[in-house]
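Good morning, and thank you for coming. Today I would like to look at how two parts of one protein chain meet.

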Amino acid sequence: MQIERARELGLCFGVRRALYMAHDAAERHGTLQTLGPLAHNRVLLAELEDHGVHSVDSIDQLAGPAVVISAHGASPDVTALLQGRGLAVVDTTCPNVAAAQRIGANMAREGLAIVIYGDSRHTEVRGLLGWSGENALATLDADSLLQGCPTSTLTRLGIIAQTTQRVEDFTLFAQQVCASLIEHSREIRIINTLCDATRRRQAAAVELARTVDAMVVIGGRTSANTKRLAETCAAIVETHLVESAEELDAEQLRGKRRVGLTAGASTPDASIEHVEALLSRL
Ligand code: F3S
């Protein structure tokens, strides 16, 4: 079996930076808590636990003295609340997410109603909503936006995206919104807040998936960018999503001549190496 890695895969600079900052802060503070998981990957979270970085789900569970805001960012209300409780805040918000937050906040200040193309339950999107003013909303469905809001509230509109969405999906969404609202609007401003690291991983996965008999996507099942990588590959070729080498069902891949590997932006290098080693033994 020939195994080939996508030319770009695995940990992105935003997650690497967050890990570095969390490790550094853990050394200074002894132990540390993150509000929500630092990244959506079990293996990576277990490694952090070993270094004294623990994840909690709510502000009330925080024991201090320091708390980490994940690479997905948080709303300004949450940060203020943490600081108000006297906690030292280690803000590892990815620079790409921070840029999207600033864009949402600036357009809201200018009086635009902000529409975020994204999953309203995702941590990053909840943070973006907090930055984007009281008229902000998040959706993945242009129809629900058009049916749910009176067009009079959408006369000046700013559209941004959750950083890890697919460019094709965001384009389609923006086209649908424009087509339906342009006659009722004075202004529709679309800002591309998609993350380039995600786009490059997607493009590399597509390129590889077209040339292999099967793809293995390594990453957390709750990781938004990993799920989208798997969906993209599955539309092209047989695809298996695993979080670690232990989950790989080797029998399903036996007999394949060429297998491609890609991994989500929060997948540790060791997970990729373990899967690759297991495949090479087949
Ligand atoms: Fe940042 Fe993109 Fe990674 S938004 S955390 S560089 S996937």
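This is a predicted model: local features need pLDDT of at least 70, side-chain atom pairs count only at pLDDT 80 or more; totals for chains, interfaces and linings use all residues.

Which side chains meet in a salt bridge? They are those of R166 and E231, with 3.6 Å from N to O. That value falls within the 4 Å cut-off used for such a pair. Between domain 1 and domain 3 there are also three residue pairs in polar contact.

Which elements give two or more residues to the side of domain 1 that touches domain 3? These are helix 8, residues 196-209, and helix 9, residues 224-234. Helix 9 gives the most, with five residues. Sorted by class, this side of domain 1 has one nonpolar, four polar and two charged residues.

Let us now step back to the whole chain. It is divided into domain 1, made of 2-10 and 196-280, domain 2, covering 13-94, and domain 3, covering 96-190. The centres of domain 1 and domain 3, taken over C-alpha atoms, are separated by 31 Å. At their interface, seven residues of domain 1 are in contact with six residues of domain 3.

Finally, I turn to area. The size of an interface is often given as the accessible area lost when the parts come together. Here, domain 1 and domain 3 bury about 590 Å² between them, and 46% of it lies on carbon and sulfur atoms. Of the area that domain 1 buries against domain 3, T198, A224 and R228 supply 60%, more than any other three residues. Thank you for your attention.

Key. Residues are numbered from 1 along each chain as its sequence is written. Side-chain values use heavy atoms; hydrogens and water are left out. Domain bounds come from an automatic or database domain assignment. Contact means heavy atoms within 4.5 Å. Buried area is the accessible area (1.4 Å probe) that two parts lose on being put together, summed over both. A polar contact is a pair of N or O atoms within 3.5 Å; within protein, one must be able to donate a hydrogen and the other to accept it, and residues adjacent in sequence count only if both atoms are side-chain atoms. Helices (H or I, at least four residues) and strands (E, at least two) are DSSP runs, numbered from the N terminus. Ala, Val, Leu, Ile, Met, Phe, Trp, Tyr, Cys and Pro count as nonpolar, Asp, Glu, Lys and Arg as charged, and the others, Gly among them, as polar.
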